[in-house]
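Work through the exercises below with the model open beside you. Try each task before you read its solution.

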Amino acid sequence: MPVDDPWYDAAGFEWGERSGAEGPGSISPDAAPGQRVHSTAEIYLEVQRSPAFQEVRSRYRRFVFPAALAFLLWYLAYVVAATAAPGLMARPVAGAVNVAMVAGLGQFLTTFLLTWAYTRHARLRRDRAALELRWDTQEMTRGAVQR
């Protein structure tokens, strides 16, 4: 049995999967006569090429890449300042609190702010579209040939 799907779990075979005798263009017992049943691999590739999927993916990338780059630069600036300018980092701000402590606490604060911004962005810009894509994909794979 040829398996083209890299995510195919051979160990999970016979746990509700079809026997594999069906090919990509075969007819399912549930299908109408003359109707071609697509394999799940074909369906997922079709969904991946769809404009809706590309939009969800680009929205994700437009947020994650700049945010990750900004956070990485902020972290590296902190590390470089701590090693290259110890006098600056040791400068007192208020009592025993120095610049290094404020910047270190700023790292924690930006982590929480970035997490909040990511969840808000996902909720407002991607979750609904991704959920609709998921439901559409599940409808398309219902009755599809498993390979």
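**Ground rules**

This is a predicted model, in which local features need pLDDT of at least 70 and side-chain atom pairs count only at pLDDT 80 or more, while totals for chains, interfaces and linings use all residues. Residues are numbered from 1 along each chain as its sequence is written, and side-chain values use heavy atoms, with hydrogens and water left out.

**Exercise 1. State how many helices and strands the protein has, and their order.**

Step 1: apply the rule. Helices (H or I, at least four residues) and strands (E, at least two) are DSSP runs, numbered from the N terminus.

Step 2: count. The protein has four helices and two strands.

Step 3: read along the sequence. The pattern is α-α-α-β-β-α.

**Exercise 2. Find what share of the protein is buried.**

Step 1: set the cut-offs. Buried means under 20% relative accessible area, exposed over 50%, and partly exposed in between (1.4 Å probe, protein chains only).

Step 2: apply them. Of 147 residues, 20% count as buried.

**Exercise 3. Identify the buried residues of helix H1 and say where they sit around the axis.**

Step 1: list them. In H1 (residues 40-49), Thr 40, Ala 41, Ile 43 and Val 47 are buried.

Step 2: check their directions. These residues cover an arc of only 160° around the axis, so they are on the same side of H1. The arc is taken from the directions that run from the helix axis to the C-beta atoms.

Step 3: look for the cover. It includes helix H2 (51-84) and helix H4 (99-141).

**Exercise 4. Find the aromatic pair and classify it.**

Step 1: state the rule. Rings of Phe, Tyr and Trp (its six-membered ring) pair if their centres lie within 6.5 Å; planes under 30 degrees apart count as stacked, over 60 as edge-to-face and the rest as tilted.

Step 2: count. There is one aromatic pair.

Step 3: classify. The ring centres of Phe 63 and Tyr 118 are 6.0 Å apart and the planes stand at 45°, so the pair is tilted.

Step 4: Phe 63 is in H2 and Tyr 118 in H4, so the pair ties together parts 55 residues apart in sequence.

Step 5: check burial. Phe 63 is buried at 18% relative accessibility. Tyr 118 is partly exposed at 31%.

**Exercise 5. Find the salt bridges and the network that some of them form.**

Step 1: state the rule. A salt bridge is a side-chain nitrogen of Lys or Arg within 4 Å of a carboxyl oxygen of Asp or Glu.

Step 2: count. The structure holds three.

Step 3: start with Glu 55. It bridges to Arg 59, with the closest N and O atoms 3.0 Å apart. Glu 55 also meets Arg 62, at 3.6 Å from N to O.

Step 4: Arg 142 pairs with Glu 139 at 3.2 Å, N to O.

Step 5: join shared partners. Glu 55, Arg 59 and Arg 62 form one network.

Conventions. Contact means heavy atoms within 4.5 Å.
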